[in-house]
Amino acid sequence: MKLIPAIDLKDNKCVRLSKGKDNTSVVYNDNPVKQAKFFEKEGCKRIHVVDIDAAFGRLNVNKETILDIRQSVTTPIELGGGIRNRDNIFYWLNNKIDYLIIGSLAIKNISETISIANEFENKIYISLDQLNNKIMINGWIKKSNIGYKEIIKIYNKTKIKGFVITDISRDGMMQGINLKLVNQNLSITEKPMIIGGGLSSYEDLKNLKKLNHKNLEGVISGKSFYSGAIEIKKGIKIIS
């Protein structure tokens with residue numbers, strides 16, 4: 001299992017939001033490239049990058065910064081936020097982003113997403129951003145009409161790389177991992193799964209490791225790192 005640190009970009013700075021709300025951003029580092037280099041030096045096997053501006057429809061704000069991050073480290077990068085059409089997908093994969101995380105498109109246009117996954121085998125993660133058993137889309141501000149179980153069953157049989165599940169109610173809140181939600185999703189997935197939202201302590205990491213599930217690929221560390229609750233090297237050691 002990987003500890004995957006997050007770089008959430010807004011106005012080309014590393015920020016964290018609370019429950020994904022746009023107006024709650026707090027800047028933690030105004031040099032995302034330096035932050036990415038730190039994560040690589042600490043031994044991270046992947047970096048989670050989210051374009052917050054793009055998720056809310058503000059396209060191209062962080063484009064150059066993302067490219068700079070990609071060029072500054074060799075660590076694999078998974079990128080999400082506002083990736084909602086083929087042109088976005090082609091652009092980022094052509095610019096050597098290793099994996100793309102697709103949310104809204106995967107819910108709104110399943111056939112198109114499956115086609116993309118077939119074309120770029122094992123490069124696409126499906127984002128399942130969950131709030132009160134509903135999948136949220138469009139920057140987590142709109143409820144979809146489809147449940148996570150149905151989506152997982154659909155994409156289980158495709159060539160996606162895996163799923164990224166996020167408990168929106170706990171994202172950035174430092175309230176601990178929702179193990180019940182994690183188990184519910186893991187119980188039906190046939191693909192690797194990355195957990196986001198709620199990580200707050202080393203105890204959370206120990207509890208995830210105890211699950212010992214073959215498809216539990218990693219956990220995302222956002223505010224838990226930036227607030228000082230989790231040190232990267234210690235976290236990696238716990239779950240390795």
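Analyst: Gladly. First a rule for sorting residues: Ala, Val, Leu, Ile, Met, Phe, Trp, Tyr, Cys and Pro count as nonpolar, Asp, Glu, Lys and Arg as charged, and the others, Gly among them, as polar. Please keep in mind that this is a predicted model.

User: What makes the lining of the second largest cavity five nonpolar, four polar and one charged by class?

Analyst: The lining consists of Ile165, Thr166, Asp167, Ile177, Asn178, Leu181, Val182, Ile195, Gly196 and Gly197. Ile, Leu and Val count as nonpolar and Asp as charged, while Gly goes with the polar residues, so the lining has five nonpolar, four polar and one charged residues. Strand 10 (162-167), helix 8 (179-186) and strand 11 (193-196) each give two or more residues to this lining, and strand 10 gives the most, with three.

User: Why is this space called a cavity?

Analyst: In a cavity a 1.4 Å probe fits but cannot get out, whereas a pocket is an open set. The second largest cavity has a volume of about 50 Å³.

User: How many cavities of 30 Å³ or more are there?

Analyst: The count is two. The largest holds about 630 Å³ of space and is lined by 41 residues, with His48, Val50, Asp129, Trp140 and Thr166 nearest its centre.

User: Which residues lie nearest the centre of the largest pocket?

Analyst: Those are Leu59, Asn60, Lys63, Asn88 and Trp92, from a lining of 16 residues. Helix 4 supplies the largest share of that lining, four residues, and the pocket's space is about 220 Å³.

Definitions and conventions:
Residues are numbered from 1 along each chain as its sequence is written. This is a predicted model: local features need pLDDT of at least 70, side-chain atom pairs count only at pLDDT 80 or more; totals for chains, interfaces and linings use all residues. Side-chain values use heavy atoms; hydrogens and water are left out. On a 1 Å grid over the protein atoms alone, a cavity is a set of points where a 1.4 Å probe fits but cannot get out, and a pocket is an open set with protein on both sides within 12 Å along at least five of seven lines; lining residues have an atom within 4 Å of a point. Grid points are joined across faces, edges and corners, and a volume is the space filled by probe spheres set on the points.
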